[in-house]
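Visitor: I would like to learn how to read the overall layout of a protein model. Could you walk me through one?

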Amino acid sequence: MLTELRIKNFAIIESLALPLAPGFNVLSGETGAGKSIIVGALGLLLGERASGDLIRTGADRAVVEGVFDIAGHASAAAILDERGVDVENDTVVLRREVNASGRARAWVNGTTVTATVLAEIGRLLVNLHGQHEAQTLLDPDAQRQILDAFGGATEQATQLRAAYDALTAVRRDIQTLESRRADAERRADYLRHVTQEIEAAKLVAGEDERLEEEARRLEHAEELRSLAQQMTAVLDGDEDAVLQRLAAVQRALASIQRIDPSLARLQETFDAAFYGLEELSRELVAYEEGVELDPERLAEVERRRDLIFRLTKKYGPAIADVLETAQRARAELDLVDSAGFDIRQLTERERAAAARLNDAAAALSALRMAAADRLARAVDQVLP
């Protein structure tokens with residue numbers, strides 16, 4: 001419902017605020033009083049063609065603004081929501097400006113919109129009737145809605161639309177699945193090569209890092225053993241080794257404690273250091289013995305690293321990406337095998353949806369024909 005119309009610098013109107021009350025409102029006056037200008041301003045607000053000739057002489061722009069209450073108008077609220085227009089308290093404000101060059105701008109609740117969107121929203125809010133035109137009656141969709149409302153077929157029309165949407169959706173699913181299967185079939189040889197190549201490698205996540213560490217140890221095995229031997233010799237090699245010389249420290253420390261018992265706490269520090277060095281010496285010996293000079297293992301590791309490098313270069317950059325590539329390829333190949341069954345199921349759904357659509361269409365056609373017959377009889381009774 002239009003609750004207020006505000007016009008500024010339009011034709012001969014300088015400024016007008018026209019409040020409207022619920023129910024029937026009448027504008028009366030002599031010819032030339034400006035009634036048609038108000039209707040023209042409303043038409044401009046609803047998206048009709050704008051022109052600089054519409055601006056009042058001496059003004060630089062014309063402005064028309066309308067305030068609407070759309071409480072209970074669900075279709076208008078839905079359109080506004082789709083267009084990203086916020087609505088508060090069921091109030092919609094349309095505004096249109098035209099400048100001297102003829103350029104027009106439009107807003108709905110402060111949001112800038114095109115003239116097309118303004119006209120779309122305007123048609124939902126206002127229906128202008130003149131001697132030779134009626135906006136709604138010229139719209140085929142509106143004609144069908146009027147006929148369905150007259151014949152009590154609105155609910156059946158909604159069911160028909162739902163049946164049509166369901167059939168369209170299942171056909172779209174069939175088309176998508178058939179397209180995907182066709183793509184997979186064209187790529188089948190390549191996909192099989194990818195899966196076989198990757199699966200044959202039996203890759204393990206993080207394997208490349210572990211192999212790199214192992215290769216580094218194998219390549220420097222002699223150097224590692226030599227370093228371990230050097231450290232072991234320093235710690236416990238001969239009489240000049242660290243652990244041997246610490247025996248003299250132990251004897252001196254025992255002599256000090258006999259003279260000054262307060263230094264007994266130093267014994268704990270010495271013991272911790274001595275035992276720690278002993279443990280270090282034992283671990284170095286074990287490490288030296290564990291370092292293997294194994295050229296065959298090194299060659300095997302390098303071959304494995306080369307394989308991983310080739311696969312990551314083709315499908316990488318990391319092992320995880322290679323494994324994901326294999327998984328996708330396998331899924332595409334599975335589609336070749338499973339798509340036939342899925343398409344058969346979808347085809348059954350399509351047949352059922354088509355049957356429901358035919359039934360709904362037949363029911364709606366019957367209601368519309370009955371409504372048309374009743375309307376024709378009513379017209380015959382009115383017209384001579």
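**Reading surface, shape and core**

Guide: Happy to! Let's begin with the surface: the protein chain has an accessible surface of about 24,900 Å², and carbon and sulfur atoms account for 52% of that. Keep in mind that this is a predicted model.

Visitor: How many helices and strands are in the protein chain?

Guide: The protein chain holds 12 helices and 6 strands. Its radius of gyration is 45 Å, well over the 21 Å from the globule rule for 384 residues, so the chain is more spread out than a compact globule. Along the principal axes, the C-alpha atoms fill a box of roughly 135 × 65 × 45 Å.

Visitor: What should I look for inside?

Guide: In soluble globular proteins, nonpolar side chains tend to be buried together. Here, the largest nonpolar core has 35 residues, and L5, L94 and V108 touch the most other members. Helix α1 gives the most to this core, with 6 residues.

Visitor: Which residues is V108 in contact with, leaving aside neighbours within four places in sequence?

Guide: V108 is in contact with L80, V85, V92, V93, L94, V113, L118 and I121. Apart from this core lies another, of 18 residues, including A188, L191, V301 and A329.

Visitor: And which residues make the nonpolar surface patch of about 240 Å²?

Guide: That patch is made by F150, L375 and V379. L375 sits in helix α12, which covers residues 319-382.

Visitor: Is L375 buried, partly exposed or exposed, and what is its relative accessible area?

Guide: L375 is partly exposed, because its relative accessible area is 41%.

Note on methods:
Residues are numbered from 1 along each chain as its sequence is written. This is a predicted model: local features need pLDDT of at least 70, side-chain atom pairs count only at pLDDT 80 or more; totals for chains, interfaces and linings use all residues. Side-chain values use heavy atoms; hydrogens and water are left out. Patches are made of residues with over 30% relative accessible area and no salt bridge: like charges are joined within 9 Å, nonpolar side chains (Val, Leu, Ile, Met, Phe, Trp, Tyr) within 5 Å. Accessible areas come from the Shrake-Rupley method with a 1.4 Å probe; for residues, only the protein chains shown count as cover. A salt bridge is a side-chain nitrogen of Lys or Arg within 4 Å of a carboxyl oxygen of Asp or Glu. Helices (H or I, at least four residues) and strands (E, at least two) are DSSP runs, numbered from the N terminus. Buried means under 20% relative accessible area, exposed over 50%, partly exposed in between (1.4 Å probe, protein chains only). The radius of gyration is taken over C-alpha atoms; the globule rule is 2.2 Å times the number of residues to the power 0.38. A nonpolar core is a set of buried Ala, Val, Leu, Ile, Met, Phe, Trp, Tyr and Cys residues joined through side-chain atoms within 4.5 Å. Contact means heavy atoms within 4.5 Å.
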